[in-house]
Amino acid sequence: MLKRRHYISTICILTFSWLTSCKIPLTENQLKIIDFVNKGDTLIFQADNGNRDTMIISDKGTYLQELNPIFGNTWYRPENAFIKFYNTNRDKGQYYDLVHIYGGRTPSQPDRLTIDIRTYYCFLSETYDSLGEKKTEPNEINGKIYSDYFIRTDHCSDCPVDKDSCDIDKLYWSLEEGPLMYVDIKKQKWTRVK
């Protein structure tokens, strides 16, 4: 009987904490990061050597993290945002995060922003509450001049390079248009054409 009361009390406490937990929404500036694309859109990048890399946007949205009373904070539910894609040059059943913003677990923690281009094994870059280093000097990318963009670098730029690697060294990103160009660790430039 005591076990049953304890079990019911635990369920009631968890339900109450879930209902009364504080939600931590993402800011407007953070949500702008996923505004450049919609579900069903296609992103095409072309390399200097003529190869193409095509990504189809399969999903986009926001959600609240589930509470984890054992390992996490039961009082805060951070909002997350994501864009998922599949690559036409690879298995269509494989979906990857193009962008994933993980909300901070408390109001004082920064949000973690992950960008993943091509496949999970080729480029994964994380920063906190930022798209990377902001640049204002003009740069021409695919015939257009950009003077307000970001550059992200690979989180492991000193790692040894495998001969078949497609790791990315630099990623150029605009808030209005999303990824503009990336340069792989073999110095091959991939420019977005659509």
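Trainee: OK, K135: buried or exposed?
Mentor: K135 is buried, at a relative accessible area of 18%; buried means under 20%, exposed over 50%, and partly exposed in between, using a 1.4 Å probe and protein chains only. Keep in mind that this is a predicted model, where local features need pLDDT of at least 70 and side-chain atom pairs count only at pLDDT 80 or more, while totals for chains, interfaces and linings use all residues. Residues are numbered from 1 along each chain as its sequence is written, and side-chain values use heavy atoms, leaving out hydrogens and water.
Trainee: And what does K135 form a salt bridge with?
Mentor: One partner is E133, with the closest N and O atoms 3.1 Å apart. K135 also bridges to E137, at 4.0 Å. A salt bridge here is a side-chain nitrogen of Lys or Arg within 4 Å of a carboxyl oxygen of Asp or Glu.
Trainee: How accessible are those two, E133 and E137?
Mentor: E133 is partly exposed at 48% relative accessibility, and E137 is partly exposed at 43%.
Trainee: Switching topic, what about K144 and E177?
Mentor: Their side chains meet in a salt bridge, 2.6 Å from N to O. That pair links distant parts of the chain, 33 residues apart: K144 sits in strand β10 (residues 144–146), E177 in the loop between β12 (168–174) and β13 (178–184). Strands are DSSP runs of E, at least two residues, numbered from the N terminus.
Trainee: How exposed is K144?
Mentor: Partly, at 40% relative accessibility, and E177 is partly exposed too, at 26%.
Trainee: How many salt bridges does the structure hold?
Mentor: It holds 6.

Conventions:
Helix = DSSP H or I, 4+ residues; strand = E, 2+ residues; numbered from the N terminus.
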